[in-house]
Amino acid sequence: MTASSAGAQSTTMSGMKLSNDQPIQIESDKLEIHDQEHTALFTGNVKVVQGTTTMQSGKMTVYYKDKAAKAASGAAAQPEAKPQQSGSLASGSADIDKILVTDKVYLVSGTQTATADDGNFDMASQTFILTADDGNKVILSDGPNVFTGCKLTVHMQTGQAELESCGGRVQIQLDPKSQPNTQQKQN
(Lines give C-alpha, C1' and ligand atoms only; values in the text may rest on other atoms or scores of the structure.)
Protein backbone atom coordinates (compact mmCIF):
# COMPACT_ATOMS: atom_id res chain seq x y z
CA MET A 1 0.00 0.00 0.00
CA THR A 2 1.33 3.45 -0.89
CA ALA A 3 0.05 6.64 0.74
CA SER A 4 0.91 10.27 0.07
CA SER A 5 0.44 13.33 2.24
CA ALA A 6 0.90 17.03 1.45
CA GLY A 7 3.54 19.10 3.24
CA ALA A 8 4.98 17.11 6.12
CA GLN A 9 4.58 13.79 7.90
CA SER A 10 5.22 13.27 11.62
CA THR A 11 6.41 10.00 13.07
CA THR A 12 8.37 8.71 16.04
CA MET A 13 11.92 7.45 15.71
CA SER A 14 12.29 5.89 19.14
CA GLY A 15 15.60 4.34 18.18
CA MET A 16 17.10 7.73 17.31
CA LYS A 17 17.08 9.15 20.83
CA LEU A 18 20.38 10.58 22.05
CA SER A 19 22.03 8.71 24.90
CA ASN A 20 24.29 10.84 27.11
CA ASP A 21 25.37 7.90 29.29
CA GLN A 22 27.08 5.85 26.59
CA PRO A 23 30.55 6.39 25.09
CA ILE A 24 30.97 7.54 21.51
CA GLN A 25 33.43 5.79 19.18
CA ILE A 26 34.60 7.70 16.08
CA GLU A 27 36.66 6.29 13.20
CA SER A 28 37.85 8.04 10.03
CA ASP A 29 40.69 8.01 7.51
CA LYS A 30 41.93 11.41 8.69
CA LEU A 31 41.45 13.77 11.64
CA GLU A 32 42.42 17.44 11.81
CA ILE A 33 41.99 19.25 15.14
CA HIS A 34 41.92 23.04 15.03
CA ASP A 35 41.89 24.12 18.70
CA GLN A 36 42.05 27.83 17.85
CA GLU A 37 38.83 27.50 15.81
CA HIS A 38 37.35 24.94 18.24
CA THR A 39 36.72 22.43 15.46
CA ALA A 40 37.67 18.89 14.58
CA LEU A 41 37.42 17.68 10.99
CA PHE A 42 37.02 13.95 10.31
CA THR A 43 37.31 12.92 6.66
CA GLY A 44 37.10 9.68 4.73
CA ASN A 45 34.85 6.80 5.74
CA VAL A 46 33.67 8.50 8.93
CA LYS A 47 31.89 6.12 11.31
CA VAL A 48 30.35 7.13 14.64
CA VAL A 49 28.91 4.55 17.03
CA GLN A 50 27.03 5.21 20.26
CA GLY A 51 25.10 2.35 21.79
CA THR A 52 22.83 0.88 19.11
CA THR A 53 23.13 3.93 16.82
CA THR A 54 25.66 4.11 13.95
CA MET A 55 26.22 7.08 11.65
CA GLN A 56 28.44 7.01 8.56
CA SER A 57 29.42 9.84 6.21
CA GLY A 58 32.25 11.08 4.04
CA LYS A 59 33.03 14.11 6.21
CA MET A 60 32.15 15.27 9.73
CA THR A 61 32.98 18.62 11.34
CA VAL A 62 32.61 18.86 15.12
CA TYR A 63 32.27 22.35 16.62
CA TYR A 64 32.98 22.53 20.34
CA LYS A 65 32.61 25.32 22.88
CA ASP A 66 35.50 27.47 24.09
CA LYS A 67 35.79 26.56 27.79
CA ALA A 68 38.46 29.22 28.36
CA ALA A 69 36.06 32.00 27.27
CA LYS A 70 33.30 30.47 29.38
CA ALA A 71 35.62 30.31 32.41
CA ALA A 72 36.76 33.92 31.87
CA SER A 73 33.16 35.16 31.89
CA GLY A 74 32.57 33.41 35.24
CA ALA A 75 35.97 34.41 36.71
CA ALA A 76 34.63 37.55 38.39
CA ALA A 77 32.18 35.46 40.40
CA GLN A 78 34.92 33.05 41.54
CA PRO A 79 38.28 34.89 41.58
CA GLU A 80 40.13 32.01 43.29
CA ALA A 81 39.06 29.39 40.76
CA LYS A 82 41.88 27.70 38.86
CA PRO A 83 42.31 28.98 35.32
CA GLN A 84 40.85 26.43 32.92
CA GLN A 85 42.40 25.45 29.64
CA SER A 86 40.35 25.55 26.48
CA GLY A 87 38.35 22.37 25.93
CA SER A 88 39.91 20.09 23.39
CA LEU A 89 38.54 17.16 21.49
CA ALA A 90 41.95 15.48 21.78
CA SER A 91 41.85 15.61 25.59
CA GLY A 92 38.25 14.40 25.77
CA SER A 93 37.20 17.59 27.53
CA ALA A 94 35.35 19.19 24.61
CA ASP A 95 31.79 20.38 25.12
CA ILE A 96 30.28 19.75 21.68
CA ASP A 97 28.10 22.53 20.27
CA LYS A 98 27.12 21.12 16.87
CA ILE A 99 28.15 18.51 14.34
CA LEU A 100 27.88 18.85 10.55
CA VAL A 101 28.04 15.73 8.37
CA THR A 102 28.29 15.77 4.57
CA ASP A 103 29.08 13.57 1.60
CA LYS A 104 26.26 11.05 1.96
CA VAL A 105 24.93 10.36 5.44
CA TYR A 106 23.78 6.93 6.59
CA LEU A 107 22.19 6.61 10.04
CA VAL A 108 20.94 3.36 11.55
CA SER A 109 19.47 2.58 14.95
CA GLY A 110 17.67 -0.67 15.65
CA THR A 111 15.19 -1.28 12.82
CA GLN A 112 15.29 2.36 11.66
CA THR A 113 17.54 3.64 8.87
CA ALA A 114 17.88 7.12 7.38
CA THR A 115 19.91 8.21 4.36
CA ALA A 116 20.56 11.79 3.23
CA ASP A 117 23.15 14.01 1.60
CA ASP A 118 23.88 16.21 4.66
CA GLY A 119 23.15 16.38 8.36
CA ASN A 120 23.26 18.95 11.16
CA PHE A 121 23.26 17.84 14.81
CA ASP A 122 22.53 20.77 17.18
CA MET A 123 23.43 19.70 20.73
CA ALA A 124 21.86 22.77 22.41
CA SER A 125 18.40 22.16 20.93
CA GLN A 126 18.89 18.37 20.89
CA THR A 127 17.78 18.13 17.26
CA PHE A 128 19.28 16.71 14.13
CA ILE A 129 18.25 17.62 10.61
CA LEU A 130 18.96 15.48 7.57
CA THR A 131 18.59 17.10 4.14
CA ALA A 132 18.83 16.09 0.49
CA ASP A 133 20.53 17.97 -2.32
CA ASP A 134 18.69 18.86 -5.54
CA GLY A 135 17.20 15.81 -7.18
CA ASN A 136 17.86 13.53 -4.20
CA LYS A 137 15.62 12.43 -1.33
CA VAL A 138 15.89 11.77 2.39
CA ILE A 139 14.79 8.19 2.89
CA LEU A 140 13.66 6.94 6.29
CA SER A 141 12.80 3.29 6.75
CA ASP A 142 11.51 1.39 9.74
CA GLY A 143 11.57 -2.28 8.85
CA PRO A 144 9.50 -2.66 5.66
CA ASN A 145 7.92 0.84 5.99
CA VAL A 146 9.54 3.60 3.91
CA PHE A 147 9.12 7.40 4.19
CA THR A 148 10.53 9.70 1.48
CA GLY A 149 10.97 13.50 1.54
CA CYS A 150 13.64 16.23 1.45
CA LYS A 151 14.14 17.25 5.10
CA LEU A 152 13.95 15.09 8.24
CA THR A 153 14.01 16.80 11.64
CA VAL A 154 14.37 14.57 14.72
CA HIS A 155 14.14 15.71 18.36
CA MET A 156 16.74 13.47 19.99
CA GLN A 157 15.29 13.53 23.53
CA THR A 158 11.84 12.30 22.48
CA GLY A 159 12.46 10.60 19.14
CA GLN A 160 9.70 12.76 17.59
CA ALA A 161 10.41 13.23 13.87
CA GLU A 162 9.02 15.33 11.05
CA LEU A 163 9.62 14.64 7.37
CA GLU A 164 9.06 17.52 4.95
CA SER A 165 8.33 17.23 1.25
CA CYS A 166 10.38 18.48 -1.68
CA GLY A 167 7.81 21.11 -2.60
CA GLY A 168 5.32 18.42 -3.54
CA ARG A 169 4.23 15.61 -1.31
CA VAL A 170 5.81 13.29 1.23
CA GLN A 171 5.60 9.67 0.10
CA ILE A 172 4.97 6.78 2.47
CA GLN A 173 4.96 3.07 1.71
CA LEU A 174 3.51 0.98 4.53
CA ASP A 175 3.57 -2.80 4.75
CA PRO A 176 0.28 -3.96 6.30
CA LYS A 177 2.05 -7.03 7.69
CA SER A 178 4.17 -4.76 9.91
CA GLN A 179 1.08 -3.52 11.78
CA PRO A 180 0.05 -5.87 14.65
CA ASN A 181 -3.62 -4.72 14.56
CA THR A 182 -4.09 -5.69 10.90
CA GLN A 183 -3.38 -9.39 11.39
CA GLN A 184 -6.51 -11.50 11.20
CA LYS A 185 -7.31 -13.93 13.98
CA GLN A 186 -7.41 -17.53 12.89
CA ASN A 187 -10.13 -19.83 14.23
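A disulfide is a pair of cysteine sulfur atoms within 2.5 Å. The structure holds 1 disulfide. This is a predicted model, where local features need pLDDT of at least 70, side-chain atom pairs count only at pLDDT 80 or more, and totals for chains, interfaces and linings use all residues. Residues are numbered from 1 along each chain as its sequence is written, and side-chain values use heavy atoms, with hydrogens and water left out.

**Overall make-up**

- The protein has 1 helix and 14 strands. Helices (H or I, at least four residues) and strands (E, at least two) are DSSP runs, numbered from the N terminus.
- Of the 187 residues in the protein, 30% are buried. Buried means under 20% relative accessible area, exposed means over 50%, and partly exposed lies in between (1.4 Å probe, protein chains only).
- The accessible surface of the protein comes to about 11,300 Å². Carbon and sulfur atoms hold 47% of that surface. Areas come from the Shrake-Rupley method with a 1.4 Å probe; for residues, only the protein chains shown count as cover.
- Among contacts (heavy atoms within 4.5 Å) with a separation of 6 or more, 54% are between residues 24 or more positions apart.

**The disulfide**

- The disulfide joins Cys150 to Cys166, with an S to S distance of 1.7 Å.
- Cys150 lies in the loop between strand S12 (145-149) and strand S13 (151-155), and Cys166 lies in strand S14 (residues 160-173), so the pair ties together parts that are 16 residues apart in sequence.
- The link of Cys150 and Cys166 is right-handed, with 100 degrees about the S-S bond.
- Cys150 counts as buried because its relative accessibility is 17%.
- Cys166 has a relative accessible area of 35%, so Cys166 is partly exposed.

**Ser165**

- Ser165 is placed in strand S14.
- Its relative accessibility is 18%, so Ser165 counts as buried.
- Ser165 and Cys150 are 15 residues apart in sequence. In space, they are 5.4 Å apart, C-alpha to C-alpha.
- The side chain of Ser165 reaches the backbone oxygen of Gly168 at 3.3 Å.

**Thr39**

- Thr39 sits in strand S4 (residues 39-50).
- Thr39 counts as buried because its relative accessibility is 12%.
- Leaving out residues up to four places away in sequence, Thr39 touches Glu32, Ile33, His34, Thr61, Val62, Tyr63 and Tyr64.

Key: A polar contact is a pair of N or O atoms within 3.5 Å; within protein, one must be able to donate a hydrogen and the other to accept it, and residues adjacent in sequence count only if both atoms are side-chain atoms.
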